[in-house]
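Notebook, opened with the model on screen.

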Amino acid sequence: MEEAETHACSILVATQEVTATSRHYVDRLFDPDPQKVLQGVIDMKNAVIGNNKQKANLIVLGAVPRLLYLLQQPSSSLELRTECAVVLGSLAMGTENNIKSLVDCHIIPALLQGLLCQDLCFIEACLRCLRTVFISPVTPVQLLYPDPTVIPHLMSLLSRSQRTQEYITQIFSHCCKTPEHQTILYNHGAIQNIAPLLNSPSYKVQMQALKCFSVLAYENAQVSMTLVNVLVDGELLSQVFVRMMQRDRPIEMQLTAAKCLTYMCRAGAIRTDDTCIVLKTLPCLVRMCSKERLLEERVEGAETLAYLMEPDVELQRIASVTDHLVAMLADYFKYPSSVSAIADIKRLDHDLKHAHELRQAAFKLYASLGANDEDVRKKITETENMMDRIVSGLSESSIKVRLAAVRCLHSLSRSVQQLRTSFHDHAVWKPLMKLLQNAPDEVLVMASSTLCNLLLEFSPSKEPILESGVIELLCSLTQSDSPALRVNGIWALMNMAFQADQKVKVEIVRALGTEQLFRLLSDPDANVLMKTLGLLRNLLSTRPHIDQIMSSHGKQIMQAVTLILEGEHSIEVKEQTLCILANIADGNTAKELIMTNDDMLQKIKSYMGHSNVKLQLAATFCVSNLIWNEEDGSQERQDKLREMGFVDILHKLTQASDPSLCDRAKTAMQQYLA
């Protein structure tokens with residue numbers, strides 16, 4: 001007990017000593033003699049270098065407001081003002097809490113004001129401190145933009161020295177986070193001012209300029225289209241980027257140049273079959289995925305490559321046969337292994353903490369690779385333990401890994417072959433259902449899209465999923481505020497209802513409720529409407545089902561059909577609605593709901609004369625079902641439609657230029673002749 005007390009006591013004494021010396025430094029800033037103040041600032045500078053504790057103490061004791069005051073005082077000498085900026089820059093190098101304190105003391109406007117001074121040393125000290133503050137994740141980047149004179153002034157300072165070039169481009173690349181920021185920088189001449197810096201003799205300046213172009217071009221067509229035509233010392237910018245991807249360049253430079261070209265390509269400024277993409281950018285990014293690279297390089301390489309080829313089938317195919325990429329990604333799951341040659345214990349510790357980022361990147365890249373090509377998907381699922389890895393990825397603690405794993409699963413679920421084999425063998429639906437219970441929206445969208453594919457009629461997973469109580473879950477998705485989730489919920493129900501037995505259909509109608517079904521039929525989102533019509537069409541198939549559903553919900557369904565046929569809807573929506581009507585017309589008792597509704601018959605008649613063939617076909621099919629010979633009451637129905645002028649229209653349609661329409665009209669006419 002004695003020992004503990006003595007130990008605590010000595011810590012207290014040590015803290016008091018530090019605080020006492022710190023207070024002494026702060027007190028000297030208030031000396032009336034300017035020379036002593038200057039010496040005090042210089043001593044403070046030497047005391048804080050590499051000493052986070054000392055930095056924190058000085059901040060707590062109020063050094064920052066005093067240093068900022070001295071920095072802004074017109075009576076302060078240039079040397080004093082410069083030394084104040086240097087000390088503030090050093091304090092900013094400490095912890096995130098230090099940065100927060102500096103920002104709270106309004107350091108940013110004070111330093112930006114300081115840039116109006118003509119002295120280069122002072123300007124560089126202010127910029128160095130601004131750079132350190134802005135690259136911290138706790139600093140709101142918005143603070144660079146409120147004063148409209150700041151960006152043009154920073155552009156004008158680019159020509160002053162290599163240091164101003166390095167710091168300013170680093171500030172820009174960290175503070176360009178939104179399309180608005182991209183536009184502000186673009187409008188103030190960022191491209192013309194920064195392009196020459198790519199040929200700077202300083203590597204640091206080249207790198208920061210390159211990073212600026214990557215953040216400016218990301219998902220920005222205007223910037224990307226401009227970049228394509230920029231010349232740097234007579235050389236096209238894209239060629240400068242290609243040079244920077246050469247194997248003898250530092251990895252960071254290769255990777256950032258590849259990102260610039262990737263973003264320009266995705267923004268539509270470079271074609272996906274351009275040699276600079278196919279022969280330079282893609283192979284460079286594949287190289288970044290090899291196990292020789294550092295963890296963060298492998299992550300960035302894989303994620304950039306996934307983004308590059310996401311919309312392009314040909315790039316996916318080329319990447320899948322480049323350098324055994326599919327097998328190379330399998331190593332992302334074994335890292336760091338017990339045999340990883342990491343001599344540096346700090347590095348090992350870092351990599352263990354970030355290993356999940358590798359898994360996330362691998363899943364993303366597999367998702368992109370397998371988006372379209374059946375052979376590539378097969379290759380992926382046959383990679384060692386791949387399905388097991390995806391299944392365990394679905395329940396990882398990191399939300400990003402779960403999202404990437406489900407994206408990968410979704411990509412593979414587009415394959416009929418995989419749905420029938422590996423998906424079934426690994427009971428993928430179980431972890432997927434678990435994931436759907438309480439996930440954030442972006443995970444829900446991907447997981448429910450995958451579920452839609454697992455519910456297709458040829459998928460062996462369909463039965464067990466049905467038995468697991470999925471209908472309630474899907475019905476709840478249709479009530480989501482997110483249109484994507486409503487679409488997926490209704491889409492999955494549509495797939496489930498396809499060729500389903502009566503029990504399943506009745507359960508869907510019961511769980512969804514007619515009120516919700518009709519709410520979805522007036523959904524503002526066209527996709528939701530289309531899928532709801534698809535569900536209705538699948539529910540109303542096979543005669544006993546049609547008759548049963550129409551006997552209990554006929555009036556409302558006919559009302560909904562009327563509203564859609566009268567409304568301002570696309571051809572696809574109206575065609576689907578007429579197909580539903582044709583299904584109703586195929587019922588034994590259900591068809592009477594159409595025959596006793598003259599208004600509806602007139603609508604069908606008008607669609608037979610529509611300018612769009614698809615609508616004419618669907619309407620004619622409807623008539624065909626109403627007048628089919630072998631059914632009870634067909635004679636009365638034929639007579640009624642003849643009186644209403646349908647036969648004349650059918651006769652005209654037998655002369656139609658479209659062969660399908662002509663055949664369908666002839667088939668209908670034969671009912672009258674039989």
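How many nonpolar, polar and charged residues does the lining of the largest cavity have? Working on a predicted model, I sorted the lining by class and found six nonpolar residues, two polar ones and no charged residue.

The volume I noted for the largest cavity is about 30 Å³. Its lining, as I read it off, consists of Val509, Thr514, Leu517, Leu536, Leu539, Ile549, His553 and Ile557. Grouping the lining by element, I found that helix 33 (514-520), helix 34 (526-539) and helix 35 each give two or more residues, and that the largest share, three residues, comes from helix 35.

Next I looked along helix 35, which runs over residues 543-566 and spans only 27 Å between its end C-alpha atoms, whereas a straight helix of 24 residues would span 34 Å at 1.5 Å a residue. I located a bend of about 85° at His553 in this helix, and I noted that His553 is also one of the residues lining the largest cavity.

For residues 512-554 I found 79% helix and 0% strand, with the end C-alpha atoms 16 Å apart. For residues 62-98 the end C-alpha atoms lie 12 Å apart, and I recorded 76% helix and 0% strand over that span.

Technical notes: Residues numbered from 1 in each chain as written. Predicted model: local features only at pLDDT ≥ 70, side-chain atom pairs only at ≥ 80, totals over all residues. Heavy atoms only, no water. Helix = DSSP H or I, 4+ residues; strand = E, 2+ residues; numbered from the N terminus. Expected span 1.5 Å × (residues − 1). Bend = angle between axes of the 7 residues up to and from the residue. 1 Å grid on protein atoms, 1.4 Å probe; cavity = no way out; pocket = protein on both sides within 12 Å on 5 of 7 lines; lining within 4 Å. Points joined across faces, edges and corners; volume = space filled by probe spheres on them. Nonpolar A, V, L, I, M, F, W, Y, C, P; charged D, E, K, R; others polar.
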